[in-house]
Amino acid sequence: SHDIEAAKVTVEALPHGGNWKEGSVSWKEQLDTKESFVVGTFRAKGLKEEVKQKLYELDVTEAITPSNKRMTFKLSTSSDVRLDFAGAEWHNGKAVPELMLTMSG
């Protein structure tokens, strides 16, 4: 509910996450977190009924290097508040998480 205190969400980069397929990761079958590191945090809380989605932005530049051809990001929280993050199955894929690149130079 929107009256619940916001939960801190931690975003970690998993350079050795591997080649995983959607649906293959679960609480019991987690990805390799070897050499993972925190790239940032944000606060998330429940939305009012009339609000269907909310965008959170986080700069993950430090996780991107020329040697990383593939990068997995893990979102976690120590809160006991339930948080649902959209994926390909939610709302016919209209809220799939995006990685937006800004090039400079």
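## The aromatic pair

A residue counts as buried when its relative accessible area is under 20%. In this predicted model, Phe 42 has a relative accessible area of 13% and is therefore buried.

A search of the whole structure finds one aromatic pair. Its members are Phe 42 and Tyr 56, whose rings are stacked, with 4.7 Å from centre to centre and 25 degrees between the planes. The pair links distant parts of the chain, the two residues being 14 residues apart: Phe 42 belongs to strand E2, while Tyr 56 lies in the loop between E2 and E3. Tyr 56 counts as partly exposed, at 28% relative accessibility.

The side chain of Thr 72 makes a polar contact, at 3.1 Å, with the side chain of Trp 20. When residues up to four places away in sequence are not counted, Thr 72 touches Trp 20 together with Glu 12, Ala 13, Leu 14, Gly 17 and Leu 31.

## Glu 35 in the loop between E1 and E2

Strand E1 (7-14) and strand E2 (37-44) are separated by a loop, and Glu 35 is placed there. Although Glu 35 is not a glycine, this residue has a positive phi of about 60 degrees.

Is Glu 35 buried or exposed? Glu 35 is exposed, because its relative accessible area of 56% is over the 50% cut-off.

Note on methods:
Residues numbered from 1 in each chain as written. Predicted model: local features only at pLDDT ≥ 70, side-chain atom pairs only at ≥ 80, totals over all residues. Heavy atoms only, no water. Polar contact = N/O pair within 3.5 Å; in protein donor to acceptor, adjacent residues only side chain to side chain. Contact = heavy atoms within 4.5 Å. Helix = DSSP H or I, 4+ residues; strand = E, 2+ residues; numbered from the N terminus. Buried < 20%, exposed > 50% of the residue type's maximum accessible area, 1.4 Å probe, protein only. Phe/Tyr/Trp six-rings, centres within 6.5 Å; stacked < 30°, edge-to-face > 60°.
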